[in-house]
Amino acid sequence: MDLETTQTNAAAKLPLLKQGEYEMWRLRIEQYFQIQDYALWDVIENGNSFKPTARTTTNADGTSTSMIPGAVTTEEKTQKKNDVKARSMLLMALPNEHQLTFNQYKDAKTLFDVT
């Protein structure tokens, strides 16, 4: 096996967190995301910019109505997809005994920040 094949195989393997190796894991997981798909690392580092917010309007009779304005753009869908994918990959890199603890974090940035 040549060096290039060895490096490609090593880069493709998701680094798993092991007890006592947190700092090395954090470095390797960052490198993994940057190599695999930089857009995923961008979502982890900067957060998901797609956050639909409800707009509340007051009607003439004094009641209020909440709705999420406008259609979702392709860019927003891609951003959300990247966030879901990055979060899932981060969870897969954690040992089974920590899955329930960290599954409560619903976006990749928050999950990475608390690990």
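**A friendly note on the predicted model**

1. The chain holds six helices and two strands; helices (H or I, at least four residues) and strands (E, at least two) are DSSP runs, numbered from the N terminus. Along the sequence, these elements follow the pattern α-α-α-β-β-α-α-α.

2. Please keep in mind that this is a predicted model, in which local features need pLDDT of at least 70 and side-chain atom pairs count only at pLDDT 80 or more, while totals for chains, interfaces and linings use all residues. Residues are numbered from 1 along each chain as its sequence is written, and side-chain values use heavy atoms, with hydrogens and water left out.

3. Now to the chain as a whole. Of its 115 residues, 25% are buried, where buried means under 20% relative accessible area, exposed over 50%, and partly exposed in between (1.4 Å probe, protein chains only). Contact means heavy atoms within 4.5 Å. Taking contacts between residues at least 6 apart in sequence, 49% join residues at least 24 apart.

4. Beyond its neighbours within four places in sequence, Trp25 touches Pro15, Leu16, Leu17, Ala93, Leu94 and Thr115.

5. Which residue has its backbone oxygen 3.0 Å from a polar atom of the Trp25 side chain? That residue is Pro15. For a polar contact, a pair of N or O atoms must lie within 3.5 Å; within protein, one must be able to donate a hydrogen and the other to accept it, and residues adjacent in sequence count only if both atoms are side-chain atoms. From C-alpha to C-alpha, Trp25 and Pro15 are 6.6 Å apart in space, and they are 10 residues apart in sequence.

6. Next, follow α2 to its partner. The axes of α2 and helix α4 (residues 74-92) come within 12 Å and cross at roughly 140°; axes are lines fitted to C-alpha atoms, for helices over the stretch in contact, and angles run from 0 to 180 degrees between N-to-C directions. On the α2 side the contact is made by Ile29, Tyr32 and Phe33, and on the α4 side by Ala86, Met89 and Leu90. These residues divide into six nonpolar, no polar and no charged, with Ala, Val, Leu, Ile, Met, Phe, Trp, Tyr, Cys and Pro counted as nonpolar, Asp, Glu, Lys and Arg as charged, and the others, Gly among them, as polar.

7. Helix α3 (residues 38-46) has Leu40, Trp41, Val43 and Ile44 as its buried residues. They lie on the same side of α3 because they cover an arc of only 155° around the axis, the arc being that of the directions from the helix axis to the C-beta atoms. The buried residues of α3 pack against α2, α4 and α6 (108-114). Just after α3, Gly47 has a positive phi of about 85°.

8. Gln79 and Val43 are 36 residues apart in sequence and 7.5 Å apart in space, C-alpha to C-alpha.
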